[in-house]
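Please open the structure in your viewer and keep the selection panel at hand.

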Amino acid sequence: MKRRITSALLIVAMLVLMLPTAAFASFSDINGHWAQAKIENWSEKGIIQGAGGQFRPNSPITRGEMAVILDRIMKYQVKAANTFYDLDQSWYTEAILKANAAGIILGSNNYVRPKDNITREEAVVILGRALGLNEITATKELKFKDASQISDWAVGYVNALTEKGFVKGDLNGNFNPKANITRAEVVTILDNSIKELYTKAGEYSDKVIEGNVIINTPSVTLRNMKINGDLIIAEGVGEGEVTLDNIEISGNAIVKGGGEQSVYFNSVTVGGALVVNKTDGKLR
């Protein structure tokens with residue numbers, strides 16, 4: 001059932017510095033690669049980076065690198081205490097602790113394995129949590145030939161991302177859950193699952209967006225839009241303002257950022273759920 005939300009005020013109090021993003025880079029090793037356009041798109045957004053002029057699209061990606069990418073997208077504002085035995089002080093430390101505070105990267109037995117390559121099933125779980133997706137339990141059978149090899153803790157998110165078309169198997173119909181996911185594959189999932197990422201203050205209007213939308217910065221106004229997917233007001237909004245005016249959202253509206261009396265919904269239709277998920281637990 002659709003809910004009409006008019007002039008509602010939502011509260012969130014979150015502070016901390018946001019990670020800097022990289023300027024657009026042209027990589028020497030992606031020309032003709034099947035993910036070239038997607039890699040260029042997310043490099044231009046400042047979300048992914050390479051080194052020495054190369055992106056290494058077919059190389060694996062570490063859990064620490066995945067945390068940094070998610071932090072650049074969401075700009076998490078709260079950092080957990082470091083209780084991990086294997087988390088040293090490095091370039092990925094803050095991103096992992098922020099993702100841990102947000103419930104995105106949990107670790108196991110006080111180990112988070114930041115330097116380990118991330119597997120396909122691990123990546124899907126982490127991305128599913130970051131996007132606020134609901135798990136689809138095993139009652140809906142996976143169609144991958146190697147579905148029995150998918151860990152129980154990953155099945156719900158593999159189902160959810162597969163149903164939405166964000167992830168696919170290989171040409172043989174396998175998901176390869178224990179294989180290392182490549183850098184190009186991660187970018188492809190991002191490109192499939194996030195169609196608009198608003199990182200700069202301003203007013204944006206008169207668009208139909210076929211997919212999920214994320215706002216990760218304050219002072220953004222969306223006006224006269226139809227979003228055929230979810231809208232996430234991310235932690236990066238901090239205590240700033242976001243205004244939605246005459247917006248139709250077919251999926252969920254997920255509010256994780258914004259300040260006291262600073263997120264305004266005016267004539268907003270939400271086809272799914274309105275979810276306010278804030279670290280401080282405050283709701284007006």
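A residue counts as buried when its relative accessible area is under 20%. The model on the screen is a predicted one, and the first stop applies this cut-off to a single residue.

**Stop 1: Thr62**

Select Thr62, which lies in the loop between helix 1 and helix 2. Is Thr62 buried or exposed? Its relative accessible area is 15%, so Thr62 is buried, given that the limit for a buried residue is under 20%.

Thr62 and Asn117 are separated by 55 residues in sequence, yet the distance between their C-alpha atoms is 4.0 Å. Which residues does Thr62 touch, leaving aside those up to four places away in sequence? They are Pro114, Lys115, Asp116, Asn117 and Ile118.

**Stop 2: the whole chain**

Zoom out and show the chain as a cartoon. It contains 6 helices and 11 strands. Of its 284 residues, 50% are buried. Consider next the contacts between residues at least 6 apart in sequence: 55% of them join residues at least 24 apart.

**Stop 3**

Select residues 183-193, which form helix 6. How many of the 11 residues of helix 6 are buried? The number is 9, so helix 6 is largely enclosed by the rest of the structure. The buried residues are Arg183, Ala184, Val186, Val187, Thr188, Ile189, Leu190, Asp191 and Ser193. To see what they pack against, display helix 1 (36-44), helix 2, helix 4 (120-130) and helix 5 (152-163) as well.

Keep helix 1 and helix 6 in view and hide the others. The axes of these two helices are 9 Å apart, and the packing angle is about 75°. Helix 1 is therefore roughly perpendicular to helix 6. Show the side chains at the contact: Lys38, Ile39, Asn41 and Trp42 belong to helix 1, and they meet Val187, Thr188, Leu190, Asp191 and Asn192 of helix 6. Sorted by class, the contact of helix 1 with helix 6 has 4 nonpolar, 3 polar and 2 charged residues.

**Stop 3: helix 2 and helix 3**

Select residues 63-74 for helix 2 and residues 93-101 for helix 3. Their axes come within 8 Å of each other and cross at roughly 70°, so helix 2 and helix 3 are roughly perpendicular. The crossing of this pair is left-handed. On the side of helix 2, the contact involves Gly64, Ala67, Val68 and Asp71; on the side of helix 3, it involves Ala95, Ile96 and Lys98. The contact of helix 2 with helix 3 comprises 4 nonpolar, 1 polar and 2 charged residues.

**Stop 4: helix 4 and helix 5**

Return to helix 4 and helix 5. At what angle do these helices pack? The angle is about 70°, and the axes are 9 Å apart. Helix 4 and helix 5 are therefore roughly perpendicular to each other, and their crossing is left-handed. Helix 4 contributes Glu121, Glu122, Val124, Val125, Gly128 and Arg129 to the contact, while helix 5 contributes Trp153, Ala154, Tyr157, Val158 and Leu161. By class, the contact of helix 4 with helix 5 has 7 nonpolar, 1 polar and 3 charged residues.

**Stop 6**

Select Ile214 to find the residue opposite, Ile232 in strand 7.

**Stop 5**

Finally, select strand 4 (residues 202-209) and strand 6 (residues 220-227), a parallel pair with 7 bridges. Ser205 stands opposite Arg223 of strand 6.

Notes. Residues numbered from 1 in each chain as written. Predicted model: local features only at pLDDT ≥ 70, side-chain atom pairs only at ≥ 80, totals over all residues. Heavy atoms only, no water. Axes fitted to C-alpha atoms, helices over the stretch in contact; angles between N-to-C directions. Helix = DSSP H or I, 4+ residues; strand = E, 2+ residues; numbered from the N terminus. Parallel < 35°, antiparallel > 145°, perpendicular 65-115°, else oblique. Left-handed = near helix turned anticlockwise from the far one by under 90°. Contact = heavy atoms within 4.5 Å. Nonpolar A, V, L, I, M, F, W, Y, C, P; charged D, E, K, R; others polar. Pairing = 2+ DSSP bridges. Buried < 20%, exposed > 50% of the residue type's maximum accessible area, 1.4 Å probe, protein only.
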